[in-house]
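Please look over the model shown here. My notes follow it as numbered points.

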There are 2 protein chains.
Amino acid sequence: MTDAPFAVPERFQPGEWLRGQGQDADIAICTRVRLARNVNGFGFYPTLKAEEATELVQVVNRALTRPDIPERLRIVDLTTLDELERGVLMERHLISREHASADRPRSVAVNDQESVSIMVNEEDHVRAQVFESGFAVQAVYDRAERLDDAMMGQMPFSFSEEFGFLTSCFTNVGTGMRLSVMLHLPGLVWADEIDKATATVQKISLAVRGLYGEGSRALGDFYQVSNQVTLGRSERDIVRDVGSAVERLMSWEREVREALLRGESRSRTLDRIHRALGLLERAHILTSEEALNLLSGVRFGVHAGLIEHVSVRDLNVALLLSQPAHLQRVHQSPLNQDQRDERRATLVRGLLGRK
Amino acid sequence: MTDAPFAVPERFQPGEWLRGQGQDADIAICTRVRLARNVNGFGFYPTLKAEEATELVQVVNRALTRPDIPERLRIVDLTTLDELERGVLMERHLISREHASADRPRSVAVNDQESVSIMVNEEDHVRAQVFESGFAVQAVYDRAERLDDAMMGQMPFSFSEEFGFLTSCFTNVGTGMRLSVMLHLPGLVWADEIDKATATVQKISLAVRGLYGEGSRALGDFYQVSNQVTLGRSERDIVRDVGSAVERLMSWEREVREALLRGESRSRTLDRIHRALGLLERAHILTSEEALNLLSGVRFGVHAGLIEHVSVRDLNVALLLSQPAHLQRVHQSPLNQDQRDERRATLVRGLLGRK
């Protein structure tokens, strides 16, 4: 196994998911596909025995680093990382919260661009993710399919003619695939149309949930649209379903943004956007919740051409580094909540404050 | 009678009361003394007859423009001004609200610096005010006394050996004098010690009230300390009483400001000050209430040396021009509330936004 690719704190550029480019990047932050696979001959989690787990991780990682695999991956043994380092990987969307906090042999394989991450011995033996900035449902699926085929050439995956791929949890049986698009929907939230919009998507059996935070309000106005059904729908169906739902939401969001900047609404919208900027430029204490929400307003303003001196890249770096693990890695030592809120404000001022 | 000295909109520099200089100007905005006088031979308001009123105004204004009067005054006939023009005079503290809205012959005599204003046919026939920026109780009294002596040389004031000067309302009988100091007390407000502080002053029979707004919270953290008693206390006593109470409040305010910028409080105080600045720099809608309160935070920050690119003069111009009448005069036409809030924000951004 090679060293962790995250020789923090030098490397704090956003990975693929926050690259801020690609199709419809003013609304679609990132498209992700995840395939759940299990290797024949090993028990499914949680029945997998401890000595089996170690062997599983070795077997999968050997397979992932063979020349036939179309991705150049570096293996990170999560058991050698401390909590903060695992937190950084989680905040970069490379591992799940469960994978970060589990207490068993496990690893993640990541490429340099952070557009591919393969968790080993998560809920399933193999959870392969492909990311692409912007709206790119077909592209991520195509790349994941090539990776899947190559992996199957190296290790036999549990597959049933009747059900398709077998997974630890029945909700993933079939394609084992979850395709999701992370959307920034400040227009729908501000115009109070978000509930109507999400209900429309849920009617066609897709899930919409806030990317951050619990409950109905999504912090930072980020929403994730994904398929719920993995059984009885082909991969092609899922790509089409998610794709068309996202296109509908994006055009709705665009209409609402325009309406918010027209007529009587314009002044209130400008006020909200620029107040958000003013606070980010000046505050000395920022909770992560407030930072996310203010950054949302500024992002809207930047894409609407109302704020010219701030780049989407600045916003994405601010978003990434505002998160607790990144923040503490930048600071190179653990911080309590009050210290984090001060440090976050200092960091955001440095990024967004007029130079 | 000469023309109105307020050939708006060209002239929107703050007058003496907002000059921002003088002793203790970091806390004491302005010192003012007001003398209530009535002219023998004319009925007291409200028994003064209409034809008498016209004559009274002429008699007083002739007296005020004689060479023996030590102030160079220009006479403004309030009946020739529209509501907005009278509002501007009121917002400049040159006339009272009652004088602005009354419906009878009346005038005000003002000097160029706006350090002297003499209302004619207000509640009393003559209400002479002297202003000086900063803490200057002795200076304003001395100047008012010279003016009073000179006025008495030109017109006989109603005076009783037993009671002193006679006034329309019994609360002013005696010296007819009200001495007040306008203080900016953000420290005491933020540290929640303002009630204790004002109670201390009220115990010695002085009045403390918010300069703007109703109820307990003074908008902009501006408080006015003044004598309540005009009978049985000499002018010298009043100068000493008000002076020592103000000195006590100022030293209390200084202690609290220092404490707010020390230790654990520092970060919260910096946050509050700089958030206020960020909002003023960026907001597109500002009510006058919010503007006053945010300007208070920035004023504190400027005097504490925390904000270097904003001058006290900028803040004073912003404070003055944020008021409804000034705002509409700058805009050269009446504005509704929403329009005022937008215009106010634009104006404040222009003044405080980084150039």
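The points below cover conventions, the contact between the chains, the sheets, and some backbone details.

1. Conventions. This is a predicted model, in which local features need pLDDT of at least 70 and side-chain atom pairs count only at pLDDT 80 or more, while totals for chains, interfaces and linings use all residues. Residues are numbered from 1 along each chain as its sequence is written, chains are lettered from A and ligands numbered from 1 in the order in which they are written, and side-chain values use heavy atoms, with hydrogens and water left out.

2. Extent of the interface. Chain A gives 19 residues to the contact and chain B gives 19 residues; contact means heavy atoms within 4.5 Å. About 1900 Å² is buried between chain A and chain B, with carbon and sulfur atoms giving 51% of that area. Buried area is the accessible area (1.4 Å probe) that two parts lose on being put together, summed over both.

3. Salt bridges. Over all chains the structure holds 36 salt bridges, and the count between chain A and chain B is four. The criterion is a side-chain nitrogen of Lys or Arg within 4 Å of a carboxyl oxygen of Asp or Glu. One salt bridge is formed by the side chains of R282(A) and E281(B), at 2.6 Å from N to O. Another salt bridge links E290(B) with R275(A), whose closest N and O atoms are 2.8 Å apart. The latter pair joins two chains, because E290(B) lies in helix α9 (residues 288–303) of chain B and R275(A) in helix α8 of chain A. Helices (H or I, at least four residues) and strands (E, at least two) are DSSP runs, numbered from the N terminus.

4. Polar contacts and composition. The rule finds 12 residue pairs in polar contact across the interface of chain A and chain B, both residues at pLDDT 80 or more. A polar contact is a pair of N or O atoms within 3.5 Å; within protein, one must be able to donate a hydrogen and the other to accept it, and residues adjacent in sequence count only if both atoms are side-chain atoms. On the side of chain A that touches chain B, the largest share, 11 residues, comes from helix α8 (residues 263–282) of chain A. By class, that side of chain A has six nonpolar, five polar and eight charged residues. Here Ala, Val, Leu, Ile, Met, Phe, Trp, Tyr, Cys and Pro count as nonpolar, Asp, Glu, Lys and Arg as charged, and the others, Gly among them, as polar.

5. Sheet in chain A. Eight strands form an open sheet in the order β2-β3-β4-β5-β1-β8-β10-β9 (chain A), with antiparallel pairing; two strands pair if DSSP finds at least two bridges between them. At the edges are β2 (74–77) and β9 (206–210) of chain A, each pairing on one side only. From one strand to the next the twist averages 20°. Axes are lines fitted to C-alpha atoms, for helices over the stretch in contact, and angles run from 0 to 180 degrees between N-to-C directions. Strands β4 (residues 116–120) and β5 (residues 126–133) of chain A run antiparallel and are joined by five bridges. Within this pairing, V116(A) stands opposite V130(A) in β5(A). Helix α1(A) lies across β2, β3 (107–110), β4 and β5 of chain A, at about 160° to β4(A).

6. Sheet in chain B. The open sheet of chain B has eight strands in the order β2-β3-β4-β5-β1-β8-β10-β9, with antiparallel pairing. Strands β8 (residues 177–184) and β10 (residues 222–227) of chain B pair in the antiparallel sense over five bridges. F222(B) in β10(B) is the bridge partner of H184(B). Packed on the sheet is helix α7 (residues 235–260) of chain B, which touches β1 (28–37), β8, β9 and β10 of chain B and makes about 10° with the direction of β8(B).

7. Backbone details. Most residues other than glycine have a negative phi, and most peptide bonds are trans. The peptide bond from Y45(A) to P46(A) is cis, with omega near 5°, and P46(A) is found in the loop between β1 (28–37) and α1 (50–64) of chain A. In chain B, the bond from Y45(B) to P46(B) is cis, with omega near 5°. Q332(A), not a glycine, has a positive phi of about 65° and lies in the loop between α11 (324–331) and α12 (337–352) of chain A.
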